[in-house]
Amino acid sequence: MVLSQCCAHPRFALWVGPISPVNYRNGRFVHTSILILNGPNLNMLGTRQPEVYGRETLSDIEHACRAHASWRGLEMDFRQSNSEGELVTWIQQAKGHYAGIIINAAAYTHTSVAILDALLAVELPTVEVHLSNIHQRDAFRHHSYVAKAARGMICGFGSHGYILAIDALSRLLGDPGVASA
Ligand code: DQA
């Protein structure tokens with residue numbers, strides 16, 4: 001057991017092993033959990049426009065995210081819905097349960113004020129991710145409502161964008177193992 005980070009950060013963090021932050025909050029030790037949300041049609045990855053989105057399935061991406069989040073010492077929930085309302089509900093319920101959110105809102109990125117409002121309401125650090133480079137595609141994909149609530153956006157790197165998003169969120173949550181700019 002390595003006790004390496006303590007009073008230097010506003011959140012007291014106890015490191016169990018090299019990269020396993022267990023944070024002390026409200027009088028108890030809790031694991032840092034993040035929520036990864038995926039919007040409509042991402043359940044079709046693997047067969048859906050592979051020339052745009054690649055051949056990996058959402059399950060492949062989930063497994064890679066789980067391994068990387070665990071390596072970063074983060075617990076992770078990974079969900080997908082084709083329903084805007086369900087995504088809004090999950091964002092609302094994230095408050096108090098997760099330290100931050102990674103979201104690929106898919107087509108709702110470009111249409112959903114409801115998802116934007118939910119993200120603004122919960123005030124959790126949020127990283128937006130897209131497999132494709134939305135700025136090289138149709139003009140209607142260039143605008144993102146999610147971007148107004150996100151600390152940053154990663155797009156155009158395929159499934160690796162999710163890994164980059166985990167690193168970005170990990171840094172936002174105070175992991176000193178992620179190099180700062
Ligand atoms: C997407 C880009 C969106 O424009 C599109 O509607 C998607 C996927 C991406 O990951 O590249 O469904 O979010």
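Q: What makes a residue buried, exposed or partly exposed?
A: A residue is buried if 20 or more other C-beta atoms lie within 10 Å of its own, exposed if 12 or fewer, and partly exposed in between, with C-beta atoms placed from the backbone. Ile 91 counts as buried because it has 27 C-beta neighbours inside 10 Å. This is a predicted model, in which local features need pLDDT of at least 70 and side-chain atom pairs count only at pLDDT 80 or more, while totals for chains, interfaces and linings use all residues. Residues are numbered from 1 along each chain as its sequence is written.

Q: Where is Ile 91 placed, and which residues does Ile 91 touch?
A: Helices (H or I, at least four residues) and strands (E, at least two) are DSSP runs numbered from the N terminus, and Ile 91 lies in helix H3. Two residues are in contact if their backbone-placed C-beta atoms lie within 7 Å; leaving aside residues up to four places away in sequence, Ile 91 touches Ile 101, Ile 115, Ala 118, Leu 119 and Val 122.

Q: Which residues touch the most other members of the largest nonpolar core?
A: In soluble globular proteins, nonpolar side chains tend to be buried together. A nonpolar core is a set of buried Ala, Val, Leu, Ile, Met, Phe, Trp, Tyr and Cys residues joined through C-beta atoms within 7 Å. Here the largest such core has 45 residues, and those touching the most other members are Ile 34, Ile 101, Ile 102, Ile 115, Val 146 and Ala 165. Elements giving two or more residues to this core include strand S4 (33–38) and helix H3 (84–94), and H5 supplies the largest share, 6 residues.
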